[in-house]
Every structure is written in structure tokens, then in C-alpha cells.
Amino acid sequence: CEPSDIQKCYDNIEGQEAIVVIDNLESIISAEERETYYDAMERMIEDRNVWLILISRAVIPAWIMPLYIQKIFTIITEADLSFSEQEFQEYLSKWDLVLMSEAEQRLREISQGFPLFCRIAAIRIQLACMNPQDSSNRAKIQLAQIEEARKDWWDYLDTYVFDQWELQMQEFLMAISVVERFDLQLAQTISKRQDAATLISRAQE
């Protein structure tokens, strides 16, 4: 729901069993929108008929921290959603993929068990290895497709994450990307922005 509709959405389901999902909390920026969503989320949390699912890039965005402190949350992190070793093997089996040892190790290293990357790589490998290959050639093909999947992954992040930020955030992140580590003072110096603290806080969410 849009901020103007969130209260109306809850009014429509009040007293009924429902699952409500609010995604992309990081995109809720203005103080007015945050207040509107906060009030609606508080009502839903107190309603025992509603299962409220909040999705955000930050574990707990700072603006809903009071709710987290006052209410009971179950937090599911990226690590919880990543494949375990057994799940990794089961996923490859579902694609009927038998990876050469070098390729399997490389996929583990790059994906860190992240399901979406594993899917991208599996699609590429399956398409490239449809014809029988000798073991040496198959390993080379699989490794090449994993690297191609890595490029696909960066394109995905560029389109669905980076491009979703407003221009000032993009420019700020590009400016500070020249260093591996930075503090607030260094970020202000590199970016020449006095609002660096605000931008860093928003990027964390």
C-alpha cells in the first residue's frame, strides 16, 4: 500500500485473519511517510489476527527501532535464508547439475549460499552444458558460466538496487567507493557533502 492507503488497508482487514507484507522499508524516507507507516504497523502488531512481515535491507531500520524494543519480533537475516551445505547440494540436484570440483568450489565462494545467485548460475550452467562434454572441457565451461552469472548478478544489483536510489545517494556512494574503509570525516572530505552522516544512515537502511 502507498502511505495514503496503509491505514485504509488495515481498516479493511481489521478483525480478520490476514498476512500483511510491507516490503522495501528502506524506500520510506520522509518523516511524514514513516509516521504513517509506523502508526499502521503498531496497530497491526497489536492485532493478534494479523501476521505482519516487514522486509528491509537493514536488519532493523532505525525509524522502527522503538517498535522492535517494545514489541516481539522474529528476525530472519540473510544468513538464515542462505543455503546450508546440504541445501546447496539438494538445490543443484533439483537442476540435475553435477558440477566439477573446481566449479562447485567457485560457486560456493561467490554465492555464499545466496539462493538467487545460485539460481542465476544454475540456469547458465544448465544451458551451456546441454551437450555432453569431456570432463576437462566441462569444468572450463562451468567456471566460465559462473563468471558470467557474476556479471548478471552485478547487473541485477545495478538495476534493482543502485538505480532505485535518488541521484544524490548514487553520487555520494560513487564518491566514497574509492576507499575500502571510511569514517564520517573522510566521507565528508571525499564527497564534499556536509550531509554525509544523513546519507550514510539512509544507505544503512
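Where is D96 found? D96 sits in the loop between α5 and α6. The points below start with the model and then follow the chain.

1. Basis. This is a predicted model, in which local features need pLDDT of at least 70 and side-chain atom pairs count only at pLDDT 80 or more, while totals for chains, interfaces and linings use all residues. Residues are numbered from 1 along each chain as its sequence is written, and side-chain values use heavy atoms, with hydrogens and water left out.

2. Helix pair α5 and α6. Helix α5 covers residues 85-94 and helix α6 residues 101-111. Helices here are DSSP runs (H or I, at least four residues), numbered from the N terminus. The two axes come within 13 Å and cross at roughly 120°. Therefore α5 is oblique to α6. Axes are lines fitted to C-alpha atoms, for helices over the stretch in contact, and angles run from 0 to 180 degrees between N-to-C directions. Under 35 degrees counts as roughly parallel, over 145 as roughly antiparallel, 65 to 115 as roughly perpendicular, and the rest as oblique.

3. Contact residues. From α5, the contact is made by E85, F88, Q89 and L92; from α6, by E104, L107, R108 and S111. Contact means heavy atoms within 4.5 Å. By class, this contact has three nonpolar, two polar and three charged residues. Ala, Val, Leu, Ile, Met, Phe, Trp, Tyr, Cys and Pro count as nonpolar, Asp, Glu, Lys and Arg as charged, and the others, Gly among them, as polar.

4. Positive phi at D96. Most residues other than glycine have a negative phi. D96 is not a glycine, yet its phi is positive, about 55°. D96 counts as exposed because its relative accessibility is 69%. The cut-offs are under 20% relative accessible area for buried, over 50% for exposed and partly exposed in between (1.4 Å probe, protein chains only).

5. Positive phi at Q112. Q112, also a residue other than glycine, has a positive phi near 55°. Q112 lies in the loop between α6 and α7 (115-128). At 60% relative accessibility, Q112 counts as exposed.

6. Helix α7. This helix has 14 residues. From first C-alpha to last it reaches 20 Å, close to the 20 Å expected at 1.5 Å a residue. The expected span is 1.5 Å times one less than the number of residues. Buried residues in α7 include F117, C118, I120, A121, A122 and I125.

7. Q170. Q170 belongs to helix α9 (residues 167-176). Q170 is buried, at a relative accessible area of 17%. Neighbours within four places in sequence aside, Q170 is in contact with F162, D163 and W165.

Technical notes: Helix = DSSP H or I, 4+ residues; strand = E, 2+ residues; numbered from the N terminus.
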